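Please look through the structure shown here and then read the briefing below, which is grouped by topic.

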Amino acid sequence: QVQLVESGGGLVQPGGSLRLSCAASGSIFSINVMGWYRQAPGKQRELVARRTRSGSTTYAVSVKGRFTISRDNAKNTVYLQMNSLKPEDTAVYYCNADGVNTALGVFDGKWGQGTQVTVSS
């Protein structure tokens, strides 16, 4: 019933910016944690940033100071503002939600379909 849909990926030059969005839909009361992960070819999926409902944030060291995660809890939407992009940021970016409270229970490990981000000249 719960679905996550990402948008905003694309091609950008090094040093450029991009903003990703992820909207969760379904009969959702609240979501404890929403975040972004990424996976490059041949690499493990890694955490980029997470944000709790109350506003606590976690960032990967590699993106700290360049990326900003934000949420609109009323819309069950999470955003990732990516600035000063580098070629090594190239990956498929996935939206994640944990502690999704619904009428049927609390669910973890909900994922979006992914959106491609390519940083290249």
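Ser 84 touches Gly 15, Gly 16, Ser 17, Arg 66 and Asp 89, leaving out residues up to four places away in sequence, where contact means heavy atoms within 4.5 Å. This is a predicted model, in which local features need pLDDT of at least 70 and side-chain atom pairs count only at pLDDT 80 or more, while totals for chains, interfaces and linings use all residues. Residues are numbered from 1 along each chain as its sequence is written, and side-chain values use heavy atoms, with hydrogens and water left out.

- Ser 84 is found in the loop between β8 and β9 (91-102), where strands (E, at least two residues) and helices (H or I, at least four residues) are DSSP runs numbered from the N terminus.
- With a relative accessible area of 41%, Ser 84 is partly exposed; buried means under 20% relative accessible area, exposed means over 50%, and partly exposed lies in between, using a 1.4 Å probe and protein chains only.
- Ser 84 and Pro 14 are 70 residues apart in sequence, and their C-alpha atoms are 6.9 Å apart in space.
- Most residues other than glycine have a negative phi. Ser 84, although it is not a glycine, has a positive phi of about 50°, and Asn 76 likewise has a positive phi, near 50°.
- Asn 76 is found in the loop between β7 and β8, and with a relative accessible area of 12% Asn 76 is buried.

**Strand β8 and its partners**

- In strand β8 (residues 77-82), 5 of the 6 residues are buried, so this strand is largely enclosed by the rest of the structure.
- Strand β3 (residues 18-25) runs antiparallel to β8 and is joined to it by 6 bridges; two strands pair if DSSP finds at least two bridges between them.
- Within this pairing, Cys 22 stands opposite Val 78 in β8.
- Strand β7 (residues 67-72) is also antiparallel to β8, with 6 bridges joining the two, and here Asp 72 stands opposite Thr 77 in β8.
- The hairpin of β7 and β8 has 4 residues between the strands, and it is in this hairpin that Asn 76 takes its positive phi.
- Ser 21, which lies in strand β3, is buried with a relative accessible area of 19%, and beyond residues up to four places away in sequence Ser 21 touches Val 5, Glu 6, Ser 7, Trp 36, Val 78 and Tyr 79.

**The disulfide**

- The structure holds 1 disulfide, a term used for a pair of cysteine sulfur atoms within 2.5 Å.
- Cys 22 and Cys 95 form this disulfide, with their sulfur atoms 2.0 Å apart.
- The torsion about the S-S bond of Cys 22 and Cys 95 is about -85°, so the disulfide is left-handed.
- Because Cys 22 lies in strand β3 and Cys 95 in strand β9, the pair ties together parts that are 73 residues apart in sequence.
- Cys 22 and Cys 95 are both buried.

**The nonpolar core**

- The largest nonpolar core has 29 residues, of which Trp 36, Val 48, Phe 67, Leu 80, Met 82 and Tyr 93 touch the most other members; such a core is a set of buried Ala, Val, Leu, Ile, Met, Phe, Trp, Tyr and Cys residues joined through side-chain atoms within 4.5 Å.
- The elements that give two or more residues to this core are β3, β4, β5 (46-52), β7, β8, β9 and β12 (115-119), and β9 gives the most, with 5 residues.
- Leaving aside neighbours within four places in sequence, Phe 67 is in contact with several residues, among them Arg 38, Val 48, Tyr 59, Leu 80, Met 82 and Tyr 93.

**Aromatic rings**

- There is 1 aromatic pair, counted by a rule in which rings of Phe, Tyr and Trp (its six-membered ring) pair if their centres lie within 6.5 Å, with planes under 30 degrees apart counted as stacked, over 60 as edge-to-face and the rest as tilted.
- The rings of Tyr 37 and Trp 111 have centres 5.0 Å apart and planes at 65°, so the pair is edge-to-face.
- Since Tyr 37 lies in strand β4 (residues 28-39) and Trp 111 in strand β11 (residues 110-111), the pair ties together parts that are 74 residues apart in sequence.
- Tyr 37 is buried at 17% relative accessible area, whereas Trp 111 counts as partly exposed at 37%.
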